[in-house]
Number of protein chains: 2
Amino acid sequence: MMPEGGVAWRASQLAHLARLAHQALTCAEMGDLIAAAQTEVAALEETHPDRVNVREIERDWQKATKLPESLVSELAELSSTAMHEWAAARKASDFKRFQPWLEKTVALNQRKAECLGWPSDGEGWDALADSYEPGLQASQVQRVFDPLRKRLQGLLDRLQGGKRKPSNAFNEHPLNIADQERFVRFVSKSVGFDFSRGRLDRSTHPFCGGSHCSDVRMTTRYLETCVLDALGSTMHETGHGLYEQGLDANRIGLPMGEAAGLSVHESQSRLWENQVGRSKPFWAWCQRQLPAFFGDACDRFSLQDLVDGANVVEPGLIRVEADEGTYNMHVMIRFQLERSLIKGDLKVADLPGVWNRMYKEYLGLVVPDDRRGCLQDVHWSMGAIGYFPTYTLGTLLAAQLFEKARADLPGLEEGFSKGEFQPLLKWLRTHVHAEGRRFRLDDLCRKVTGQPLSADPLMRHLEGKLLPLYGLA
Amino acid sequence: MMPEGGVAWRASQLAHLARLAHQALTCAEMGDLIAAAQTEVAALEETHPDRVNVREIERDWQKATKLPESLVSELAELSSTAMHEWAAARKASDFKRFQPWLEKTVALNQRKAECLGWPSDGEGWDALADSYEPGLQASQVQRVFDPLRKRLQGLLDRLQGGKRKPSNAFNEHPLNIADQERFVRFVSKSVGFDFSRGRLDRSTHPFCGGSHCSDVRMTTRYLETCVLDALGSTMHETGHGLYEQGLDANRIGLPMGEAAGLSVHESQSRLWENQVGRSKPFWAWCQRQLPAFFGDACDRFSLQDLVDGANVVEPGLIRVEADEGTYNMHVMIRFQLERSLIKGDLKVADLPGVWNRMYKEYLGLVVPDDRRGCLQDVHWSMGAIGYFPTYTLGTLLAAQLFEKARADLPGLEEGFSKGEFQPLLKWLRTHVHAEGRRFRLDDLCRKVTGQPLSADPLMRHLEGKLLPLYGLA
């Protein structure tokens, strides 16, 4: 929403705020206060909320004290400006324009990693990723991604030879945008988003933000020809929004009232978008709602057409438009690239070439220009390196959580077809939302599902749904 | 835009920010720093920018040090909550609901006035008004308002007996709202608002805000039946916006880069709304633009119809919908009431009754309910007492500045009919916008126009325009 002329001032405001926040966290008394608090909570159970709060505040403080204030404000200022340059470069598909900004971003993040340090068996990327997913290491991501890529590739190869091709007709059916808006708001509300404590607006790139569990701001976007685009984005952001609204209001400002790492956050958005929002029972319910919003405009589509539309698999160039089957391939490419950039194995100038080679290798696609290639995502421009893998880790967790919820709640999916989403939401509130930052990703996964994080549930979910759709069951 | 559930958290955030800002301004070193700066600038001319900056910072600091931090945050927190209660009370036309909040607001503002103190010939209201218009005193306002009311009443009485009644037809002509939006944005841009450094959006109550001269946020509102409502609001907010965009970007954060008091701010909005936006030359230009936005939908209106529509005088209950002839009556009523509330002469419980009596006396109207009576304005709910008179003082200044601009710039109004607004804007940039907080209201008025602030130019403006329209020339 910001006018172009406001960029420089906004950048300096954000840099100043980053400096103030850093000062507050690293002020002289903080070390003593934390030490005193640690003594106070030492006798409590390890997972007692007070002890968790002290543990996590100490973690944040340790990280902050390692970063000089000048670097913090430099990073904040660079990210606002670089984001703006990225947006202009992307529009013009002009990588050369963005290149110097990405070079600065990589260099500054390498310095940040040096300041933060990393485990002896790790690398610089780990130091950066730790801000998004505590304790995450590149070697560990690689161990998850390598076999996952093979299994996904196997599935995609099988689908290619499928005897049936799901209908794409509903994805090409024009529907009035004002009607779409009423519809997706109704769906968001029906699955549990509390509009008295949040909003849903429009933006080019959907997101979920806000300042408090009582004021959660989501956006979505609308394409006249594809209500599924708006609905998918809305379900995704609603998943994030439900998590934020489910945080403990009495503990806001303390780690127990904050979201766990980004992987857990993404598990919530993916679960509502994919496990719920692309399921047959969900669409059975949706189909009955359509006439109230679109009159008879959708009458010619069968339930199978709707389910088909939500689940077609087709490799594409753009991550945010990717289907469930190919999405994680996009993430893996980005992870390899950012890991190499931080290591210094890949020069920024060589990024477009390597990006394009990998898209050929992973998805069999020719990238026609950088706008649809390495300039498509905002993340690196805002200095978020080490962030992408949380998308796939969250996708794995979503599948694993959903399997457990289904086991715990008999008739869960049948309920979706009747518009009953509260049992699932209540289950997530208890097992995920109310836990704040109590558990790390893997600990939370074990605690809730009894198993370490694994790719098996995701593969079962994809195969169980896609193979029949492609006549391969 | 905030969801209802977000009110409490927003209130506590704002209270916290008010406390931090107060701490920053009243910290231990500030007194010494200001004293040192005073020594440094002592040899400069009184109106030298550096000396003005020190003078005004010292003024802000003096005021801040008189207020205990607890009162500052209490006022901030109360105002967010009371605003919300007011909105609900207004909707239900339920004064009793708002009464306890207004009582708290008055009591807290009386305490604030006690802390700030006032001149020996003054009263508590003066201490509060000083935050909106430096040095303003109730007795001085009264001396301006008493004769102004008589003169305005005389004019209104004459118009009542006019031989001609201006046509109201253009105010009742439905026009597509999307077209209206394109039109008012075009007008705002044409008179000089820089959309690369600002925005125009929609809200129930138009306002102008933003964080910097490079990021000015205005809103307007749209009624299908009355494009003049959107246009008038847009011209008004554009006046505020042009002032903000005209502040010295190199001095933002210092008094020389800040707007002078609210009266000067209002002079800019009123000048563009009234002296420009209700003038015949402006409408001659507008009329030629209408087809590009509304096709032939306005063809049946003559230029006289358009000018009539913009200038009809008709006493009404709602201040923000008032015409140029009656507007100041609304302000005078509010001034009398808030002065009495702070003095303790008027109890909050008695406000609706006294409000209604005064509307009968000043405007001959019966107030049917408190929603259209004493609950209509947001100001008191947000703790802004001492604010209203700046609307009328700004209206006087607008007329006085415009007379001088017309004398300085031959052919000024003829230029409007050709869409030439730059000469006026340039004149205001030089004489008002670039001056920041250098002069007080009356000093600025003398400096620019050579005369003290007076009601004569406003009366000349109104009589010169309205008497002929009512067949009384």
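**Figure 1. Domains 1 and 2 of chain A in the predicted model, with C-alpha centres 30 Å apart.** The domain assignment, which is automatic or taken from a database, gives domain 1 as 1-116 and domain 2 as 148-326 + 389-469. Six residues from domain 1 of chain A and five residues from domain 2 of chain A make the contact, where contact requires C-beta atoms, placed from the backbone, to lie within 7 Å. On the side of domain 1 that touches domain 2 in chain A, three residues are nonpolar, two polar and one charged; Ala, Val, Leu, Ile, Met, Phe, Trp, Tyr, Cys and Pro count as nonpolar, Asp, Glu, Lys and Arg as charged, and the others, Gly among them, as polar. The model is predicted: local features need pLDDT of at least 70 and side-chain atom pairs count only at pLDDT 80 or more, whereas totals for chains, interfaces and linings use all residues. Residues are numbered from 1 along each chain as its sequence is written, while chains are lettered from A and ligands numbered from 1 in the order in which they are written.

**Figure 2. An open sheet of three strands in chain A, with the order S1-S3-S2 and mixed pairing.** Strands (E, at least two residues) and helices (H or I, at least four) are DSSP runs numbered from the N terminus, and two strands pair if DSSP finds at least two bridges between them. The edge strands of chain A, S1 (198-202) and S2 (208-212), each pair on one side only. Neighbouring strands are turned against each other by 20 degrees on average, direction ignored. Helix H9 (residues 227-246) of chain A packs on this sheet and touches S1, S2 and S3 of chain A; the direction of H9 makes about 165 degrees with that of S3(A). Angles run from 0 to 180 degrees between N-to-C directions, and axes are lines fitted to C-alpha atoms, for helices over the stretch in contact.

**Figure 3. Pairing of S1(A) with strand S3 (residues 215-220) of chain A in the parallel sense.** Five bridges join S1(A) and S3(A). A:Leu200 stands opposite A:Met218 in S3(A).

**Figure 4. Packing of helix H7 (residues 138-160) and helix H13 (residues 327-343) of chain B.** The two helices pack at an angle of about 145 degrees, and their axes are 11 Å apart. Among the contact residues are B:Phe145 and B:Arg149 of H7(B), together with B:Met332 and B:Arg339 of H13(B). By class, the contact has eight nonpolar, one polar and two charged residues.

Definitions and conventions:
Two residues are in contact if their C-beta atoms, placed from the backbone, lie within 7 Å.
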